[in-house]
Amino acid sequence: MTDIFSAEKRSEVMSRIRGADTRPEKAVRSWLHHHWLRFRLHRPDLPGRPDIVLPRHRTVIFVHGCFWHRHEGCRLAYLPKSNVETWQRKFSSNRARDVGIASECARLGWRVLVVWECAIRDGTFAADLKESLFREKAEEGSR
Ligand SMILES: [Zn+2]
C-alpha cells in the first residue's frame, strides 16, 4: 500500500485525530485558568467522570461533541444518510446515558453545565460560562 502522507504529515494527521476530542476541552480549561477558577479533571468518583469539576462552585462541566451527544437544532448534529436506524439507536442510547448521568450528578448536589462543541468553535461558550458561573455570585452581592 502506498503511503499518501509523508512521515511528518502523517504524524501531524495522527495527532490531530488523537487530539480531536480533547481540543475543545482545552479551550474550556484555558478559559477557567484565565478566570482563576480552580478545577479538577475527570473525577472518577462522580457519575460519568465529568470532563471538568469545579469543587468550589459545586459544578461539573461536560464538554459535549454536538454530533455524538445530539445537540438539538445544531448543524453539527446531522443525521448520517446510511444506516439510519443503527445511528438512531446509538444516538438515543447516548442521549439516555447523558440524561441519566446529569440527573445522578444533580441528585448528589452538583450543578451540571454542558459546553457544546459548536459554542467552543464560535467562541460563545465563554459568555455562557461566565453567565452560569458568576451570576450566582452577582446575585449574592446585590442582596
Ligand atoms: Zn452544537
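Donors are taken here as N, O and S atoms within 2.8 Å of the metal, and in this predicted model the zinc ion has as its protein donors the SG atoms of Cys-66, Cys-74 and Cys-118 together with ND1 of His-71, at distances of 2.1 to 2.4 Å. The angles among these 4 donor atoms run from 100 to 114°, and the site is tetrahedral; for four tetrahedral donors the ideal angle is 109.5 degrees.

Along the chain, the donor residues follow the spacing C-x4-H-x2-C-x43-C. Because Cys-66 sits in the loop between β3 (59–64) and α3 (84–107), while Cys-118 belongs to helix α4 (residues 117–121), this pair ties together parts that lie 52 residues apart in sequence. Both Cys-66 and Cys-118 are buried.

Helix α4 also contains Ala-119, which is buried with a relative accessible area of 10%. From Ala-119 to Cys-66 the C-alpha to C-alpha distance is 9.6 Å, although the two are 53 residues apart in sequence. Leaving aside residues up to four places away in sequence, Ala-119 touches Thr-124 and Phe-125.

Elsewhere in the chain, helix α2 (residues 23–34) comprises 12 residues and spans 17 Å from its first C-alpha to its last, close to the 16 Å expected at 1.5 Å a residue. Its buried residues are Pro-24, Glu-25, Val-28, Trp-31 and Leu-32, and because these cover an arc of only 120° around the axis, they lie on the same side of α2. An α-helix has 3.6 residues a turn, so residues three or four places apart point the same way. Arg-23, His-33 and His-34, on the other side of α2, are exposed. After α2 comes Trp-36, with a positive phi near 55°.

Conventions
Residues are numbered from 1 along each chain as its sequence is written. This is a predicted model: local features need pLDDT of at least 70, side-chain atom pairs count only at pLDDT 80 or more; totals for chains, interfaces and linings use all residues. Side-chain values use heavy atoms; hydrogens and water are left out. Donors are N, O and S atoms within 2.8 Å of the metal (3.2 Å for Na, K and Ca); water is not among the atoms, so sites may look incomplete. Four donors count as tetrahedral if all angles lie between 85 and 135 degrees; four count as square planar and six as octahedral if opposite donors are over 155 degrees apart and all others between 65 and 115; anything else is irregular. Helices (H or I, at least four residues) and strands (E, at least two) are DSSP runs, numbered from the N terminus. Buried means under 20% relative accessible area, exposed over 50%, partly exposed in between (1.4 Å probe, protein chains only). Contact means heavy atoms within 4.5 Å. The expected span of a helix is 1.5 Å times one less than its number of residues. The arc is that of the directions from the helix axis to the C-beta atoms.
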